[in-house]
Amino acid sequence: MKRFVYADNAATTQISDEVFSAMEYWLKEGYGNPSSIYAKGRDAGHAIEDARKSVAAALGAQPAEIFFVGCGSEADNWAIKGTAHKLAAKGKKHIITTTFEHHAVLHTCAALEKEGFEITYLPVDEKGLITAQQVADAIRPDTALVTIMYANNEIGTIQPIPEIGKICREKGVWFHTDAVQAVGNVPINVVEQKIDMLSMSGHKIHAPKGVGVLYIKKGIVLPNLIDGGGQERGRRAGTENVASIVGLGRAIEIACSNLPEKNERVRAMRDRIIDALLEIPMARLNGDREHRLAGNINISFPGVEGEALLLSLDLQGICASSGSACTSGSLDPSHVLLAIGLSHEVAHGSLRISINDWTTDEDTDHIIASVPPIIEKLRSMSPMWEHIMKGELVLA
Amino acid sequence: MLYSDKVLEHFANPHNVGEIENADGVGEVGNAKCGDIMKMYLKIQDGVIMDAKFKTFGCGAAIATSSMATDMIKGASIEDALKISNKAVVEALDGLPASKIHCSVLAEQAVKSALADYYRKNGVDPTPIVGEIGECDACHVH
């Protein structure tokens, strides 16, 4: 039988059995509206508050600082647009971010630019990192917000969030971080790391899709995201997605427990894959190797096109991802790979493998055994590889 | 990306991959920046395409259209091969996603480019026969 290896955990994850069983009751029997006065409603309300406590505990926050939303993108939109609109009244119309954020941040910033806000896009270096000094240098008297991702979704690089938080706090600028890829993978404490707002998503940590969180530090009052009933203390109205919220609460407890042990095991598998795949001629690792999520592998194989590589891997039962134009749905390859200085030619041949603590050593073996012959086959039929080998195409 | 079974079949086991030594016509279209390059080799005898082979750098659709296009022109007269449009290649593959139609255009252009090379090698101006071979529309955006 063909082996199935799911190695696209940065895209989404499977709901775990523990999360599913925590949710099941609330999908069926526990259907009461949390706003209702009777026991069936109150029970649902308590379940949400328990989940809120779990999230708060995992992030080092207070339960009252946790707001449940529909997804990570919603959290990003609320934090950035909410801050912009709130502080514009005080003449603060400048936002600092980076060139390689998730589109939920970049496109939100672009929308604000059209409204007249000014955005500074900090460049990342060739390793996919920014420095706290870059942030310090970019802060102006009219800066409303600094929004910088905790860990990059494509190349897995982890930014110096505590240092950035410190600078923002000193300068009195609100600091938001998109931590969708970081929660459950990196130790996070919003107090110690001086984070004012943090976005996260359930489906990256084995909870269902359709639920996320925005942490908003006490004292910051953003404009309501949805006006309506009193849910989420009136800030984000709409009857709660009780089962999914419960699922997220359970998932974050599991994801944030035994983090060092889990990361050590995942990192060992990651390093084994990276070392093996870098033996392929001209392969290059994208993103810094040290400041990197334990489960992220992103490698370019010049002469090969990413989508063809993914389809070939799929034939071997392996699910992965790529930053090629064909898979990005546009004519340009991934903005992240271009931001760290890759040429279009090299970016087209990128492969992202994202493993986690569900990944086994056998999965790792299967990936290591499958990729090299696929690259060899695709290169043997690639005129681009022929041009590279003949020295007719020199890659930057 | 919702590919038809036919596309996946041609991607997984592409027909006519390789080179032809001393080919009568060789054409290459596309570029590495766009993420697609197709190179086509033709063996031509008495106005008939006796053999066709290709090498392609590109996505699943690019490889599948190369495979299908070479299948379709093998054994055809040059006149008939020139009549094979990208639409015919798409139909033979049971359709392509809208964002992948340019791959079939590239395949048509690769055939024309190889035929143009054949005419040039025989001292004939290919333009009146093959027509202008432009860059594919998708690449014009760059």
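# Learning to read chains A and B

Colleague: Let's start with chain B: of the contacts between residues at least 6 apart in sequence, what share joins residues at least 24 apart?
Modeller: That share is 61%, where a contact means heavy atoms within 4.5 Å. Before we go on, this is a predicted model: local features need pLDDT of at least 70, side-chain atom pairs count only at pLDDT 80 or more, totals for chains, interfaces and linings use all residues, and side-chain values use heavy atoms, leaving out hydrogens and water. Residues are numbered from 1 along each chain as its sequence is written, while chains are lettered from A and ligands numbered from 1 in the order in which they are written.

Colleague: How many helices and strands does chain B have?
Modeller: You'll find 6 helices and 3 strands in chain B. Both are DSSP runs, numbered from the N terminus (helices are H or I with at least four residues, strands are E with at least two). Walk along the sequence of chain B and the pattern reads α-β-β-β-α-α-α-α-α. The radius of gyration of chain B is 14 Å, close to the 14 Å from the globule rule for 142 residues, so chain B is as compact as a globular protein of that length. That radius is taken over C-alpha atoms, and the rule is 2.2 Å times the number of residues to the power 0.38. Along the principal axes, the C-alpha atoms of chain B fill a box of roughly 45 × 30 × 25 Å.

Colleague: What percentage of the residues in chain B is buried?
Modeller: Of the 142 residues in chain B, 56% are buried. Buried means under 20% relative accessible area, exposed means over 50%, and partly exposed is in between (1.4 Å probe, protein chains only).

Colleague: Can we zoom in on one residue of chain B? Is B:T56 buried or exposed?
Modeller: B:T56 sits in strand 3 of chain B, residues 48-57, and counts as buried because its relative accessible area is 2%. Its side chain makes a polar contact of 2.8 Å with the side chain of B:S66. A polar contact is a pair of N or O atoms within 3.5 Å; within protein, one must be able to donate a hydrogen and the other to accept it, and residues adjacent in sequence count only if both atoms are side-chain atoms. Leaving out residues up to four places away in sequence, B:T56 touches residues of chain A, including A:M381, A:S382 and A:P383, as well as residues of chain B, including B:I37, B:M38 and B:S66.

Colleague: On to chain A. Which residue makes a side-chain polar contact with A:S300?
Modeller: That's A:N286, and the two side chains come to 2.9 Å. A:S300 belongs to strand 10, residues 296-300 of chain A, and counts as buried because its relative accessibility is 0%. A polar atom of the A:S300 side chain also lies 3.4 Å from the backbone oxygen of A:V346. Beyond four places in sequence, A:S300 touches A:M282, A:A283 and A:L342, among others.

Colleague: What about phi? Where is A:M282, for example?
Modeller: Most residues other than glycine have a negative phi. A:M282, though not a glycine, has a positive phi of about 65 degrees. You'll find A:M282 in the loop between helix 8 (259-277) and strand 9 (284-285) of chain A, and it counts as partly exposed because its relative accessibility is 40%. A:A283 is in the loop between helix 8 and strand 9 too, but A:A283 is buried, with a relative accessible area of 16%. A:K194 is another case of positive phi, near 55 degrees. The loop between strand 6 (174-178) and strand 7 (197-201) of chain A holds A:K194, which counts as partly exposed at 30% relative accessibility.

Colleague: And A:A182: which residues is it in contact with, leaving aside neighbours within four places in sequence?
Modeller: A:A182 contacts A:Y150, A:A151 and A:I188. A:A182 lies in the loop between strand 6 and strand 7 of chain A and is buried, with a relative accessible area of 0%. Its C-alpha atom is 8.9 Å from that of A:N153, which is 29 residues away along the chain.

Colleague: Last one: how many of the 10 residues of helix 9 of chain A are buried?
Modeller: In helix 9, residues 306-315, the count is 8 of 10, so the helix is largely enclosed by the rest of the structure. Among the buried residues are A:G306, A:L309 and A:L313. Where helix 9 starts, a side-chain oxygen of A:E305 reaches to within 2.8 Å of the backbone nitrogen of A:E307. Just after helix 9, A:G317 takes a positive phi of about 85 degrees.
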